Amino acid sequence: MGCGGSTPTAQDKKPPLECPVAREELEEKGWHHHVLEEGTGSPVLKGKKFTMDFKGYLADPPYTSFGQGDDKVIDKAGKGLVKGMNEGVLLMKEGETAIISCAPSHGYGDKAAPGIPVGSVLLFKVTIKTVG
C-alpha cells in the first residue's frame, strides 16, 4: 500500500508507520480509519469529551514525526483537530488503537504548519484512552 505521493528511494529510511490505503482511495474520501487494536469501551460521540494518545507522521520521505500528544483532552469530539482526525475519531471506541490517514484536503491542505509541508498526506497513530 502507500498513500504518499512520492516513491521512496534506496536512501530513504523505512517509514515508522505504513499507510494502509492507496493514495487514490485516500484522496477520494479525504481520510481513512484503519483499526490496529479493537476497542471494547464506550464509543467516541460527537460533541463529547475524550482523551487520546497520538503521534503524527508524514506519509512521504523523510517520514518525520510532527506532533505527539499523550493524554490529550478533547472537550468536544468532532472539533479541534484537522478535519480527517475529527471525523476518524468518531469511529473509535475507548481502548482502540487505529491509524487515521488524512489526504491534504482533510489535513492542512495548502497551508504549511511547523514540520508539515504544504500538501502533505498525514498519518496519525491514535489510541482512545477515555471517553466521557
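Here are some questions and answers about a predicted model, each setting a value beside the cut-off it has to meet.

Q: What makes β1, β4, β5, β2 and β3 an open sheet, and in which order do the strands run?
A: The five strands follow the order β1-β4-β5-β2-β3, with antiparallel pairing. The edges are β1 and β3 (65–74), each of which pairs on one side only. From one strand to the next, the twist averages 20 degrees. As background, strands of a sheet pair through backbone hydrogen bonds, either parallel or antiparallel.

Q: How do you know that β4 pairs with β1 (residues 31–37), and in which sense?
A: Two strands count as paired if there are at least two bridges between them. β1 and β4 share six bridges, in the antiparallel sense, so the pair meets the criterion of at least two.

Q: What makes β4 and β5 (residues 122–131) a pair?
A: Here again there are six bridges, and the sense is antiparallel. The requirement is at least two bridges, so β4 and β5 qualify as paired strands. Threonine 97 stands opposite threonine 127 in β5, and serine 101 has leucine 123 as its bridge partner in β5.

Q: Why is strand β4 (residues 97–102) described as largely enclosed?
A: Six of its six residues are buried, so β4 is largely enclosed by the rest of the structure. Thr97, Ile99 and Ser101 point one way from the strand, while Ala98, Ile100 and Cys102 point the other way, and all are buried.

Q: What makes the link of cysteine 3 and cysteine 19 a disulfide?
A: The cut-off is a pair of cysteine sulfur atoms within 2.5 Å. For cysteine 3 and cysteine 19 the S to S distance is 2.0 Å, so the pair meets the cut-off of 2.5 Å. The two cysteines are 16 residues apart, and both lie in the segment before α1 (23–29). With 115 degrees about the S-S bond, the link is right-handed. The structure holds one disulfide.

Q: How do you know whether cysteine 3 and cysteine 19 are buried or exposed?
A: Relative accessibility is 0% for cysteine 3, so it counts as buried. Cysteine 19 is at 6%, so it counts as buried as well.

Q: What makes glutamate 27 and arginine 23 a salt bridge?
A: A side-chain nitrogen of Lys or Arg has to be within 4 Å of a carboxyl oxygen of Asp or Glu. The closest N and O atoms of glutamate 27 and arginine 23 are 2.6 Å apart, so the pair meets the 4 Å limit. Both residues lie in helix α1, four residues apart, about one turn of the helix. Glutamate 27 is partly exposed at 44% relative accessible area, whereas arginine 23, at 19%, counts as buried.

Q: How do you know that aspartate 53 and lysine 129 form a salt bridge, and what does the pair tie together?
A: Their N to O distance is 3.4 Å, so the pair also falls within 4 Å. Aspartate 53 lies in strand β2 (residues 50–58) and lysine 129 in strand β5, so the bridge ties together parts that are 76 residues apart in sequence. Lysine 129 has a relative accessible area of 37%, so it is called partly exposed. The structure holds two salt bridges.

Q: What makes the phi of aspartate 71 worth a look?
A: Most residues other than glycine have a negative phi. Aspartate 71 is not a glycine, yet it has a positive phi of about 55 degrees. You can find aspartate 71 in strand β3.

How values were computed:
Residues numbered from 1 in each chain as written. Predicted model: local features only at pLDDT ≥ 70, side-chain atom pairs only at ≥ 80, totals over all residues. Heavy atoms only, no water. Buried < 20%, exposed > 50% of the residue type's maximum accessible area, 1.4 Å probe, protein only. Axes fitted to C-alpha atoms, helices over the stretch in contact; angles between N-to-C directions.
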